[in-house]
Amino acid sequence: MLAAAALAAAGCTGPAQAERAADNLPDLTSDGLTTIDCGELQQDALTPVEDPYVRQCWTGAPDVAFDALADDVIGSITSATDAEDVTAFICPDDVIIADVAFACRAAYDDEVMYRVVVSLPDPAAVVDQLPDEPTDAEIEQAAAGQSVEVVVQTEKTPEE
């Protein structure tokens, strides 16, 4: 509930806070990812990020499944900051079906929201490997090593 109260009380973010937040975004090259121009992503059109907020986009085929990568990235952010994970309040549940697969994570720190979205450009490649009623372990195994697109950004906190 503390996170929800903090979100409700959040106002505008100052440029210094947004710049500090941008400096805390993780370098994902150690996860085997390469930074790319966000216009190269296959994801649906991304809403523009307003200055002083930033967006970084990455691609690659990490050794872990897309949802585990999202957990790792938001964990890096919360470890480097005083941010609190607010995924349950901000993001929809992870999804993987033949047409779409993504995992969203979010954290809040001093009126700045960090958002991480990891998606599979070809979810059918994973879904086609799965039995009719796959276990979580079977899904994780099929998704590990698949090509992903990662968006990591800072943004103004939602207002009521």
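This briefing walks through the salt bridges of the structure above. The model is predicted, so local features need pLDDT of at least 70, side-chain atom pairs count only at pLDDT 80 or more, and totals for chains, interfaces and linings use all residues. Residues are numbered from 1 along each chain as its sequence is written, and side-chain values use heavy atoms, leaving out hydrogens and water. Counting a side-chain nitrogen of Lys or Arg within 4 Å of a carboxyl oxygen of Asp or Glu as a salt bridge, the total is four.

**Strand 5 and its helix partners**

- Aspartate 109 pairs with arginine 20, with 3.2 Å between the closest N and O atoms.
- Because aspartate 109 sits in strand 5 (residues 101-109) and arginine 20 in helix 2 (residues 15-23), this pair ties together parts 89 residues apart in sequence; helices (H or I, at least four residues) and strands (E, at least two) are DSSP runs, numbered from the N terminus.
- Arginine 105 meets aspartate 71 at 2.6 Å, N to O.
- Arginine 105 is in strand 5 and aspartate 71 in helix 3 (residues 66-80), so the bridge joins parts 34 residues apart.
- Asp71, Asp94 and Arg105 form a network of salt bridges.

**Strands 6 and 7**

- Arginine 115 and glutamate 155 form a salt bridge at 2.7 Å, N to O.
- Arginine 115 belongs to strand 6 (residues 112-119) and glutamate 155 to strand 7 (residues 148-156), 40 residues apart.

**Burial**

- Here buried means under 20% relative accessible area, exposed over 50%, and partly exposed in between (1.4 Å probe, protein chains only).
- Aspartate 109 is buried at 4%, while arginine 20 is partly exposed at 32%.
- Arginine 105 is buried at 7%, and aspartate 71 is partly exposed at 39%.
- Arginine 115 and glutamate 155 are both buried.
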